[in-house]
Amino acid sequence: MSESAEQSAWHRLSDAQPWLLWQENACLPARSPLSDCHACSQACPVDALTATPKGPQLTGDCVACGRCTAACPTGAINGAGLDSHPGDDQATAPLAVDCWRVPPEQSPEGALRVPCLGGLGSDRLLRLVQECGERPVELLDRGWCADCPAAADCRRPPVDQALTECREALASLGLTGRSPSLRKAPLPAHLYRRETPTPGGETRVSRRGLFRRLAGHAAGAAEQIQGTGPAAPAAVPMVSGRVQPAPRLRRVEALAALAVAQDQSLPNTLFPQAKISDACCNHRICAALCPTGALQPVEDEDGSGLDYDPLFCIRCGLCQQVCPEKAITITERDGHPYVGRVPATRHHRQRCQRCHTTFTAGKEHTLCPGCRKDAALAQDSGRDLLFGAGSSSGAAGPAQDPGTQPGDHDDQEDTRR
């Protein structure tokens with residue numbers, strides 16, 4: 001397997017807990033040491049995950065809740081059982097969504113069973129709403145969360161944030177009544193399954209039994225990512241080495257389908273905007289490190305600069321962090337509709353007055369970067385000869401930036417959109 005294929009493949013974080021998979025080149029910290037993403041470890045209710053520069057490490061006993069999956073902005077970590085779909089397209093009764101720890105025979109007929117309701121982010125809930133049509137979606141609160149390790153001392157299923165995001169998104173389309181609801185449906189405490197369920201959700205495997213099977217016949221002990229076990233989820237897609245952020249795209253796709261059915265446009269709040277100030281010097285470090293390709297370097301007839309597509313922006317903050325001039329800010333959209341990829345900056349090409357090469361610059365200069373550097377060195381050396389060593393640090397007063405000539409900038413104006 002090539003290195004790129006290896007990075008794009010799903011890997012188990014632990015052979016003893018094979019339901020949790022991770023994809024290297026979709027993980028923000030694994031892609032760049034500058035990323036400070038800890039979404040998966042912060043979401044883990046039992047502190048079983050540790051975020052490292054090489055990706056998440058499983059350092060404790062995973063309870064298979066999938067809450068790390070719901071938190072990951074790129075879909076780089078994947079728990080089993082969260083991508084199920086409603087079974088009966090013709091059903092009109094509410095779709096019940098139930099927890100794996102409920103015995104299967106206690107779930108309503110046709111219920112969608114998931115590891116934990118907290119593993120359902122707003123993207124997956126919106127997809128359920130879209131797939132169910134007019135059929136209501138009900139998440140069942142069995143009254144067990146206070147004693148469940150996956151709930152982290154919550155007294156109700158940890159889905160409030162996801163439900164709020166769903167309500168707000170659907171309300172923007174006039175579909176408030178289609179939002180998933182949380183319905184109390186308590187069960188006796190003695191029915192609660194304390195062992196971590198297997199991905200099938202129908203049988204239980206204790207930790208002791210799992211390790212005994214691993215020791216006795218490792219080949220058949222755990223479900224295989226390849227071979228006889230269930231198929232691995234589709235890899236997070238890459239385009240030119242950039243992550244296609246699956247959770248965000250899943251959310252937008254579901255809302256787009258609902259919007260079309262209502263003959264409406266997608267709400268502007270779905271799409272952030274990039275504001276880039278005149279301080280931009282066209283280093284384009286931001287675009288080089290953008291994990292999703294929302295920022296793209298561009299060379300066209302208008303000059304050199306950046307294009308921005310808010311569809312792919314996950315607001316990770318890396319572009320703002322690495323910009324030397326702090327010229328870029330990602331903000332909420334100010335009312336302009338989403339129109340796809342748009343120019344964010346353009347810097348006109350100029351001809352160096354010394355070496356006559358063509359160059360682009362974020363600020364107006366008459367010399368290319370190389371000639372400006374040579375001029376600065378010569379200027380500093382001359383000042384040292386006149387005023388003594390060390391005077392170039394500023395003792396003789398401020399110096400004009402080499403290669404900049406006031407009043408000669410008419411053909412060097414930046415255009416920014």
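Modeller: Start with pairing: two strands pair if DSSP finds at least two bridges between them. Helices (H or I, at least four residues) and strands (E, at least two) are DSSP runs, numbered from the N terminus. E1 and strand E2 (residues 20–23) pair in the antiparallel sense over 3 bridges. His11 stands opposite Trp22 in E2.

Modeller: A word on the source. This is a predicted model, where local features need pLDDT of at least 70, side-chain atom pairs count only at pLDDT 80 or more, and totals for chains, interfaces and linings use all residues. Residues are numbered from 1 along each chain as its sequence is written, and side-chain values use heavy atoms, with hydrogens and water left out.

Colleague: In what order do the 3 strands of the antiparallel open sheet stand?

Modeller: The order is E1-E2-E5. Strand E1 (10–12) and strand E5 (77–79) are at the edges with a single partner strand each, so one side of each has no neighbour in the sheet. Neighbouring strands here are turned by 35° against each other on average, direction ignored.

Colleague: Which order does the open sheet of 4 strands have?

Modeller: Its order is E7-E6-E8-E9, and the pairing is parallel. Strand E7 (112–114) and strand E9 (181–184) are the edge strands, each pairing on one side only. From one strand to the next, the twist averages 35°.

Colleague: What packs on that sheet?

Modeller: Two ideas come first. Contact means heavy atoms within 4.5 Å. Axes are lines fitted to C-alpha atoms, for helices over the stretch in contact, and angles run from 0 to 180 degrees between N-to-C directions. Helix H5 (residues 122–132) packs on the sheet and touches strand E6 (95–99), E7 and E8. The direction of H5 makes about 130° with that of E8.

Colleague: How many bridges join E8 and E9?

Modeller: Strand E8 (residues 137–141) and E9 pair in the parallel sense over 4 bridges. Leu140 has Arg183 in E9 as its bridge partner.

Colleague: What volume does the largest pocket have?

Modeller: A pocket is an open set of points on a 1 Å grid over the protein atoms alone, where a 1.4 Å probe fits, with protein on both sides within 12 Å along at least five of seven lines; lining residues have an atom within 4 Å of a point. Grid points are joined across faces, edges and corners, and a volume is the space filled by probe spheres set on the points. The largest pocket has about 1000 Å³. Of its 35 lining residues, Ala70, Ser122, Gln161, Glu165 and Arg251 are the closest to its centre.

Colleague: Which element gives the most to the lining?

Modeller: H6 does, with 6 residues.
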